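Please consult the sequence and the structure shown below while reading.

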Amino acid sequence: MDTDKQTAARGLAEIEAHLYREAHLGAARRRLAQFTARADDFSPGQKRDLEQWYLDEQRYVARMVTDHIADSVSAVEKAHRIRFGHWLRGTLVAMTLITVVLFLCAALVVGMAT
């Protein structure tokens, strides 16, 4: 893969991770707004502290999930490259053997003809 494709793939992965985190945080903000709207026991300062703590925690969770997904994708890509390399190596060996056999058969035919 050339550099431009690698850069584009990395950029796409970063955009996907950002969108996932933002979606996760948007849902967290909605849950938090519903919770704080029902909670009359908290002062405005406590609500802000609670919001900050919860959103920080959700950012951490979103980052961990995104990293886990990225690690899983990387592992699958690595396994695919290894399998493809084995297949390619096996194909090369088979084609080499077929070529050698064909040359031997051709030499045998030419040797019998003379």
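Gln-58 has its place in helix 2, where helices (H or I, at least four residues) and strands (E, at least two) are DSSP runs numbered from the N terminus. The model is predicted: local features need pLDDT of at least 70, side-chain atom pairs count only at pLDDT 80 or more, and totals for chains, interfaces and linings use all residues. Residues are numbered from 1 along each chain as its sequence is written, and side-chain values use heavy atoms, with hydrogens and water left out.

**Gln-58 and its surroundings**

- Gln-58 counts as buried because its relative accessibility is 10%; buried means under 20% relative accessible area, exposed over 50%, and partly exposed in between (1.4 Å probe, protein chains only).
- Apart from its neighbours within four places in sequence, Gln-58 is in contact with His-24, Leu-25, Ala-28 and Arg-31, contact being heavy atoms within 4.5 Å.
- The buried residues of helix 2 are Tyr-54, Leu-55, Gln-58, Ala-62 and Thr-66.
- An α-helix has 3.6 residues a turn, so residues three or four places apart point the same way.

- Thr-36 belongs to helix 1, which covers residues 3-38.
- With a relative accessible area of 7%, Thr-36 is buried.
- Setting aside neighbours within four places in sequence, the contacts of Thr-36 are Lys-47, Leu-50 and Glu-51.
- Lys-47 is found in helix 2 and is partly exposed, its relative accessible area being 24%.
- With neighbours within four places in sequence again left aside, Lys-47 is in contact with Thr-36, Ala-39 and Phe-42.

**Distances along helix 2**

- Val-110 lies in helix 2, which covers residues 44-113.
- A relative accessible area of 53% makes Val-110 exposed.
- Val-110 and Ala-79 are 31 residues apart in sequence, and their C-alpha atoms are 46 Å apart in space.
- Lys-47 and Ala-79 are 32 residues apart along the chain, with a separation of 48 Å between their C-alpha atoms.
- Helix 2 has 70 residues and should span 104 Å at 1.5 Å a residue, which agrees with the 102 Å between its end C-alpha atoms; the expected span is 1.5 Å times one less than the number of residues.

**The chain as a whole**

- The protein chain contains 2 helices and 0 strands.
- The radius of gyration of the protein chain is 30 Å, whereas a compact globule of 114 residues would have a value near 13 Å; this radius is taken over C-alpha atoms, and the globule rule is 2.2 Å times the number of residues to the power 0.38.
- Along the principal axes, the C-alpha atoms fill a box of roughly 105 × 25 × 15 Å.
- Of the 114 residues in the protein chain, 12% are buried.
- Among contacts with a separation of 6 or more, 58% involve residues 24 or more positions apart.
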